[in-house]
Amino acid sequence: MSIILVTGASTGIGQESALHMARKGHRVYAGVRSPDTAVELKDKIAAEELPVDIVRLDLVDPDSIDSAVATIMGEAGRIDALVNNAGIGGGQAVEMTPLEEVREIFETNYFGNVSVLRAVTPIMRQQNAGRIVNVGSLAGKVVMGCHAHYSASKWAMEGLSEALAFE
């Protein structure tokens with residue numbers, strides 16, 4: 001049984017990844033921005049009695065990242081895999097996107113994911129084992145109109161992921 005942290009697990013790919021891995025017998029920590037609103041996830045966990053623990057993990061709140069990782073290490077003693085899935089979208093023309101929104105996209109999709117990596121990779125290095133999956137997007141390879149900032153944040157994660165593989 002592996003100990004797996006999945007970020008952005010309240011909905012979508014993150015939720016399905018967390019549930020799938022728990023069904024396969026792994027202990028999953030489902031990182032969500034707001035545990036109080038993760039009702040659908042809680043219902044699915046309860047319905048199947050899955051080994052999933054919900055932890056508060058907001059990519060733009062470094063204290064929540066540190067707290068989530070500390071909770072996992074305190075309870076499980078290790079982190080075998082990280083599914084770095086959390087992110088936000090955003091789409092409108094470049095000149096129409098307020099700079100604050102651009103910053104939010106990068107703070108979440110790039111810097112937030114980097115913060116999670118910086119919290120987890122030292123643990124994996126000390127364990128001399130671990131797997132990291134950075135969930136990307138086609139937008140990280142192919143640009144579409146009115147999604148420039150989202151695509152740019154995903155391109156940045158593509159580059160980071162390639163460099164991390166060498167490290």
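**Helix packing and nonpolar cores in the predicted model**

Helix α5, which covers residues 148-166, contains 19 residues and spans 28 Å between its first and last C-alpha atoms, close to the 27 Å expected at 1.5 Å a residue. The structure described here is a predicted model. Along α5, the buried positions are His149, Tyr150, Ser151, Ser153, Lys154, Met157 and Leu160. The cover over these buried residues includes helix α4 (99-127) and strand β5 (131-134).

Helix α5 also takes part in the largest nonpolar core. This core has 23 residues, of which Leu5, Leu57, Ile79, Leu82, Val116 and Val120 touch the most other members. At least two residues of the core are supplied by each of β1 (3-7), α3 (62-76), α4 and α5. The largest share belongs to α4, with eight residues.

Beyond its neighbours within four places in sequence, Leu57 is in contact with Leu5, Thr7, Gly31, Val32, Arg33, Ser64, Ile65, Ala68 and Val116. Two of these partners, Leu5 and Val116, are themselves listed with Leu57 among the core residues that touch the most other members.

Ala68 sits in helix α3. With a relative accessible area of 1%, Ala68 falls under the 20% cut-off and therefore counts as buried. Its contacts, leaving aside neighbours within four places in sequence, are with Val55, Arg56 and Leu57. Ile54 is 14 residues away from Ala68 along the chain, and 9.4 Å separates the C-alpha atoms of the two.

Attention can now turn to a pair of helices. The axes of α1 (residues 12-23) and α2 (residues 39-48) come within 11 Å and cross at roughly 15°. Because angles under 35 degrees count as roughly parallel, α1 is described as roughly parallel to α2. The crossing of α1 past α2 is right-handed. On the α1 side, the contact is made by Gln15, Glu16, Leu19 and Arg23, while α2 contributes Glu40, Leu41, Lys44, Ile45 and Glu48.

Technical notes: Residues numbered from 1 in each chain as written. Predicted model: local features only at pLDDT ≥ 70, side-chain atom pairs only at ≥ 80, totals over all residues. Heavy atoms only, no water. Helix = DSSP H or I, 4+ residues; strand = E, 2+ residues; numbered from the N terminus. Expected span 1.5 Å × (residues − 1). Buried < 20%, exposed > 50% of the residue type's maximum accessible area, 1.4 Å probe, protein only. Contact = heavy atoms within 4.5 Å. Core = buried A, V, L, I, M, F, W, Y, C linked by side-chain atoms within 4.5 Å. Axes fitted to C-alpha atoms, helices over the stretch in contact; angles between N-to-C directions. Parallel < 35°, antiparallel > 145°, perpendicular 65-115°, else oblique. Left-handed = near helix turned anticlockwise from the far one by under 90°.
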